[in-house]
Amino acid sequence: METAEQSTKQFAEENDVLKQFMELLNQQNMGEQSQDFMELFKYVAGMQLQLAVMADELQGVRQQLEQLQENQPKSVKENLMAKVERLQEKITDLSERLSAIKDHLVETAAQAVNAFKEKGKSEMCSVVQKGISGMKSALADYRERLTEVMLDYQKTANQIDSIGDELKQIGNSVSNVGRLLAGKGTKEVLDEKPGVGLTRVINKPVKKAVENLRKVIASVDRAFEKLDRLSERFSVGKEAEKGSRASLKDKLSQMKAKTDQQKKVPEPDKAKTKSKAECL
C-alpha cells in the first residue's frame with residue numbers, strides 16, 4: 001500500500017514533469033495544446049477523486065455493518081457485508097486502471113520533453129500523438145469496465161431493495177433473505193422483527209455510487225473529445241514545423257544559387273578581355 005510520503009513524492013514528481021512540458025509548449029507558441037493537455041490531466045485526476053469518495057463511503061458502510069447490534073438478522077448482515085466487499089474490490093480495480101492511465105499521461109509528457117531536446121519539435125509532436133493513441137485504447141477499456149461496474153452496482157441496489165421489501169412484508173425471515181440473495185423465490189414464514197432500516201442504510205451509498213459512476217462515464221466521454229482535439233492540434237504543430245523546415249531549406253537553396261551566380265564571370269566580359277589581349 002502506498003504511504004503518504006510516497007504519494008507526496010509522486011505528486012511532486014508529476015507536477016515537475018507537467019510543469020516542464022507546459023513551459024516547453026508555451027515557448028513553442030503551442031498554448032492551446034498546453035491548455036488541452038492540462039485539462040485532460042485534470043479530468044483523470046477528477047475521476048480518481050470521485051472513485052476515492054465512493055471507496056470511502058463503502059468503507060463507512062462496512063464499519064456500520066460491523067457495529068450492528070446482535071438482534072439484527074445474521075444472514076442479512078453477512079450477505080450485505082459480502083456485497084459491500086465485492087463492490088469495494090471493483091472500485092479498487094477501477095482506481096488502479098485510472099492510475100495507470102494517469103501514469104501514461106505523465107510519462108508521455110516526460111518523453112515529449114526529452115524528444116524535443118534530442119530531435120526537436122516535430123519529434124516531440126510524434127511522441128505526444130503516440131501517447132494519445134495509447135491512452136485512447138486504455139481509456140476505451142476503462143470505459144467498458146466502468147459500464148460493467150455501474151450495471152453491477154445497479155443490480156446490487158435492486159437486490160437490496162427486494163430484500164427490504166420482503167422484510168417489510170413478512171418480517172426478518174432468515175430463510176427468505178437467504179433465498180433472495182441466492183436469486184430464488186420466497187416462502188411464507190411467521191412474522192419477525194423488521195430490519196428494513198438496515199437495507200435502506202446500506203443501499204443509500206450504493207445508489208449514490210450508481211449516479212457517480214454515470215458522471216465518471218460522462219467525464220470519460222469528455223476526455224475522449226479532448227484526446228481527439230489534442231491529437232489534431234499536435235498534428236498541425238508537426239506539419240507546421242515541417243513546412244517551416246521546408247521553407248528554410250528553399251531559402252538556403254536560393255541563397256546558394258545566388259552566391260554561385262555572383263561567383264561566375266559573365267561570358268561577354270570574358271570575350272571582351274580576350275579581344276583586348278589579342279590586340280596587344
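Tutor: A helix here is a DSSP run of H or I with at least four residues, a strand is a run of E with at least two, and both are numbered from the N terminus. You're looking at a predicted model, where local features need pLDDT of at least 70, side-chain atom pairs count only at pLDDT 80 or more, and totals for chains, interfaces and linings use all residues. Residues are numbered from 1 along each chain as its sequence is written, and side-chain values use heavy atoms, with hydrogens and water left out.

Student: What does the secondary structure of the chain come to?

Tutor: There are 7 helices and 0 strands, and reading along the sequence gives α-α-α-α-α-α-α.

Student: Where does Asn 29 lie, then?

Tutor: Asn 29 sits in the loop between H1 and H2. Its phi is positive, about 60°, although Asn 29 is not a glycine.

Student: Why is Asn 29 called exposed?

Tutor: Go by relative accessible area: under 20% is buried, over 50% is exposed, and in between is partly exposed (1.4 Å probe, protein chains only). Asn 29 has 74%, so it counts as exposed.

Student: And what makes Gln 33 count as buried?

Tutor: Gln 33, which lies in helix H2 (residues 31-66), has a relative accessibility of 9%, so it counts as buried. Leaving out residues up to four places away in sequence, Gln 33 touches Leu 25, Leu 230, Arg 233 and Phe 234. A contact, by the way, means heavy atoms within 4.5 Å.

Student: Why is Lys 226 called buried?

Tutor: Because its relative accessibility comes to 10%, Lys 226 goes in the buried class. Lys 226 is part of helix H6, and beyond its neighbours within four places in sequence it contacts Asp 36, Glu 39, Leu 40 and Tyr 43.

Student: How do you know that Ala 157 counts as buried?

Tutor: The value is 1% relative accessibility, so Ala 157 is buried. Ala 157 is in helix H4 and, setting aside neighbours within four places in sequence, contacts Asn 203, Val 206 and Lys 207. As for Ala 209, 52 residues from Ala 157 along the chain, the two C-alpha atoms are separated by 9.9 Å.

Student: What share of the chain do buried residues make up?

Tutor: Of the 280 residues in the chain, 36% are buried.

Student: What makes a set of residues a nonpolar core?

Tutor: They must be buried Ala, Val, Leu, Ile, Met, Phe, Trp, Tyr and Cys residues joined through side-chain atoms within 4.5 Å. The largest such core has 56 residues, and Phe 21, Met 124, Tyr 142, Tyr 153, Leu 213 and Phe 234 have the most contacts inside it. Helices H1 (4-27), H2, H3, H4 (121-170) and H6 (196-263) each give two or more residues to this core. Phe 234 also contacts residues including Met 30, Gln 33 and Gln 129.

Student: How many cavities of 30 Å³ or more does the structure hold?

Tutor: It holds 1, and the largest cavity has a volume of about 40 Å³. H2, H3, H4 and H6 each give two or more residues to its lining; among the lining residues are Phe 37, His 104, Gly 131 and Leu 230.

Student: How do you know where to be careful?

Tutor: Where pLDDT is low, the predicted coordinates should not be read in detail. pLDDT is the predictor's confidence in each residue, from 0 to 100. The chain's mean is 77, with 68% of residues at 70 or more. Confidence is highest in helix H3 (residues 74-119), at a mean of 89, and lowest in helix H7 (residues 267-279), at 48. Over residues 270-280 pLDDT stays under 50, and the model has 1 contact for them beyond four places in sequence.

Terms used: On a 1 Å grid over the protein atoms alone, a cavity is a set of points where a 1.4 Å probe fits but cannot get out, and a pocket is an open set with protein on both sides within 12 Å along at least five of seven lines; lining residues have an atom within 4 Å of a point. Grid points are joined across faces, edges and corners, and a volume is the space filled by probe spheres set on the points.
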